[in-house]
There are 2 protein chains.
Amino acid sequence: MHDKLTQSHNIHPVQIVGAGPGAADLLTVRAVRCIGQADVVLHDNLVSADILALCRKDAELIYTGKKYGDAIDPVERQQHIHELMAEHAANGKKVVRLKSGDPFIYGRAAEEVRYLQEHNIAFEVVPGLTAGIAAASLCQVPLTERNRSKAVLFCTGHTANYDFEQLEALANMLRTGTSLVMYMGLSNLPKVIAKLQVAAGAETIYVTAVSQVSAPTQQTVTATLSEIEAALTSRPLPMPVVFIIGKYADLL
Amino acid sequence: MHDKLTQSHNIHPVQIVGAGPGAADLLTVRAVRCIGQADVVLHDNLVSADILALCRKDAELIYTGKKYGDAIDPVERQQHIHELMAEHAANGKKVVRLKSGDPFIYGRAAEEVRYLQEHNIAFEVVPGLTAGIAAASLCQVPLTERNRSKAVLFCTGHTANYDFEQLEALANMLRTGTSLVMYMGLSNLPKVIAKLQVAAGAETIYVTAVSQVSAPTQQTVTATLSEIEAALTSRPLPMPVVFIIGKYADLL
């Protein structure tokens, strides 16, 4: 049963596409096809040049990420992206909204999907490889392993703001072998480490930090929770960095 | 510094490749290339026919999954896979070990990597889309969302065996909005649901069950924790099914 109100106006569905961790050959085949057919590509700052090179020569590429030092309010920036999607779709363009990693892992895709739904704009979402999972395979850090790590938790540096109850939950997870994949800025690290040390108690917890996952410049530093800050001070890693943390989060 | 002992014997590295959730166009470009060049492909039962069709016509395809009713011990089966990889690699073949989803999310890749390392066999691991993340994008269930779900936990039906302390940890996670992506057989569901109901207390928790993620036969059932069993009894879903569970795990 279709309600008239829910019929979409646009000929081509807006495609919200996960661009994966960075390497062009870690895009899905479906993502490559979407990118290669797009009239307009709205892309974030972490989408690599190799990936943007897959766009048609005559495609309009619009950078929608944060520029260093710009004073744009995040809500306003997001609203602007929504309007760009709507405007170009209404003009009959094939619009790709290209997001690094996977759209639904820290990607604000939920907000974009809600906007498109509310405005009766047809769309589809194409999943992508999230950097943490790609890092695990590329560096051989097991995320789960039979009889060892039964679960893996994806979280952010905001973990540092967890209250006591949440931190206790995390402590239990860590003690029972769950790995954490943490997306955060390096500046958050000291605060997170301190909290995790409290949570982990006497357990030895490893941290593997992977910089620029899947790029030719990919680098990895592994140390224990108590040694990782010093390790990253003596060998600073370029951003972005993902962290895999846990009893079994050292390299195989 | 290379130790002679750690030099590998094989010309072509064994490629442990994530085959993604099922649809051939949700393979990564790198995975397609590996599969198309392989002399020998060792594949599991969840790898779709469309994906196997990407193998060379003269490639040797070896099914290494469980056959219904076979009496092979899992440890023995795994050992046999290791030996097949080693044997074909030693014979100069391009070997692809093709695993559904991502190799390091419930894929036993860690065991295979350890074996290859111990036997000085060169290898690489190619990440893949895990079914739970693909399901989220394809059905529009947000896994994380600003100010709502800050984290997402990948776990299995073994959660049902959690002790009280682990269950308390899970309860805290659920109450603070963390989504669970759960890989399990439907037969585990009643036990897991009962445990999660205890853990969730008075919170309304949604369950979205996605059957045969990314296949033309993909189906989705969403209900609350207290209603999901009845919903799946009246509309049984074909295997495999992944479950997304949480305060915000209903469809957008």
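Visitor: What should I know before reading the model?

Guide: It is a predicted model: local features need pLDDT of at least 70, side-chain atom pairs count only at pLDDT 80 or more, and totals for chains, interfaces and linings use all residues. Residues are numbered from 1 along each chain as its sequence is written, chains are lettered from A and ligands numbered from 1 in the order written, and side-chain values use heavy atoms, without hydrogens and water.

Visitor: Which rotation superposes chain A on chain B?

Guide: Copies are superposed by least squares on C-alpha atoms of residues with pLDDT of at least 70 in both. Here the rotation is 180°, with 0.0 Å of shift along its axis and an RMSD of 0.0 Å. That is the relation of a two-fold axis.

Visitor: How many residues are in contact?

Guide: Contact means heavy atoms within 4.5 Å. 59 residues of chain A touch 59 of chain B. 100% of chain A's interface residues are also interface residues in chain B, so the copies meet through the same surface.

Visitor: How many salt bridges cross the interface?

Guide: A salt bridge puts a side-chain nitrogen of Lys or Arg within 4 Å of a carboxyl oxygen of Asp or Glu. The rule finds eight. One of them joins A:Arg33 to B:Asp25, with the closest N and O atoms 3.1 Å apart.

Visitor: In which sense do S6(A) and strand S6 of chain B pair?

Guide: Strands are DSSP runs (E, at least two residues), numbered from the N terminus. Two pair if DSSP finds at least two bridges between them. S6(A) and S6(B), residues 152–156 of chain B, pair in the antiparallel sense over three bridges. A:Leu153 stands opposite B:Leu153.

Technical notes:
Helix = DSSP H or I, 4+ residues; strand = E, 2+ residues; numbered from the N terminus.
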